[in-house]
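Please find below some remarks on the model under review. They are set out as numbered points.

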Amino acid sequence: MDVGVSTACLYPLETEKALAELAVRGIKNVEIFMNAVTELEGEILADMQKTLTEYDISVKSVHPFSSPMETLFLFGNYARRTEYLIDMYKRYFETMNKLGAKIFVLHGAILSSKVPDDVYLERYLRLFRVGKEYGITVVQENVSYCKSSSVELLEKMSNQLGDEVRFVVDVKQARRSNVDPFVLLDRLGEKIVHLHLSDGNEASDCMPIGKGEFDFNRLFNKLDELRYSGTMIVELYRENYRSYDELTDCAKTLEKLLAAHRGAV
C-alpha cells in the first residue's frame, strides 16, 4: 500500500503550485484535483509534468473540478448534456495518460436529484466503459451530499454491475453521512481500489492523521483481509490544518502506523 496526499488539501492554491508544495516536502504519491479546464493541457500541464519528473512523483488519481456538473449533465435527462460531459471526461482521461494516473474519482448526482437508480447505474457503467478504453478506472466515491452517500445505492452498484464498478471510500465523507466507514469496507469489499483518509473525533469529522480517534490499526487489518493494494490518500480541507508541513507529517504518521502494523502481523 502506498501513502500519498491530495493537492486538494491546499485549495484554493493553484493546482501546479499545490503540487510543487507537496513535491518540495518529499511527498512521492499524489492525487491531483484539477480546478480548471486550462490545467488539462498547455503550459500548466507541462509545469506539473516537469515537477513530477524532477521529484519522481507518482500520480495515483485525478479528481475533476466538474463534479457539481455531473448531476445535470451525466445524470440528467438531456442527452446532449450527457454527451458533452462524457467528451469532457475523455479530455481528462487523455491528460491522465500523460500523467500516468489510473484512477478517476466520480462524485455522481446530488441527493436532490430525481435520477432513478437504474439510470444512475447505466450512466456510471457507460462512463466506466469509456474510461476503460483509455486505461482508466472510473471509481464511485461515497459523498455525503450525493446519492452515493447511500450504502444501499453503492451495494446495488456493486451487485448489479459486477466487475464493471470500482469504489473509493472517503472516511470523512462517511462520517458526514453518519455511515460507519467499516460498513462500506465490508459491503464493497475488494471492489474498493482507492482511499481518502483523515482522522476525526466527536468534535471534528476531519483532522490531521494521528490527531483524532480513528482506529487505523483496525483499518489496516481490514485492508489486509481485502488484499488491498491501492493508495491511501490524505485528504484534508484547508481549515483542518495550520501549515503545509502538517501534510507531510500526516503522510509520515500514516506510514509509521502502517509499518508498526506490518511489524505486528
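1. Where does Glu235 lie? Glu235 is in the loop that runs between strand S8 (231–234) and helix H9 (245–264); helices (H or I, at least four residues) and strands (E, at least two) are DSSP runs, numbered from the N terminus.

2. This is a predicted model, in which local features need pLDDT of at least 70 and side-chain atom pairs count only at pLDDT 80 or more, while totals for chains, interfaces and linings use all residues. Residues are numbered from 1 along each chain as its sequence is written, and side-chain values use heavy atoms, with hydrogens and water left out.

3. Glu235 counts as buried because its relative accessibility is 8% (buried means under 20% relative accessible area, with a 1.4 Å probe and protein chains only). Beyond its neighbours within four places in sequence, Glu235 is in contact (heavy atoms within 4.5 Å) with residues including Glu31, Glu141, Asp170, Lys172 and His196.

4. Ser61 belongs to strand S3 (residues 58–64). Its relative accessibility is 0%, so Ser61 counts as buried. Not counting residues up to four places away in sequence, Ser61 touches Val30, Glu31, Ile32, Ala101, Ile103 and His194.

5. The side chains of Ser61 and Glu31 are joined by a polar contact of 2.7 Å (a pair of N or O atoms within 3.5 Å; within protein, one must be able to donate a hydrogen and the other to accept it, and residues adjacent in sequence count only if both atoms are side-chain atoms).

6. Ser61 and Thr71 are ten residues apart in sequence, and their C-alpha atoms are 22 Å apart in space.

Methods
Buried < 20%, exposed > 50% of the residue type's maximum accessible area, 1.4 Å probe, protein only.
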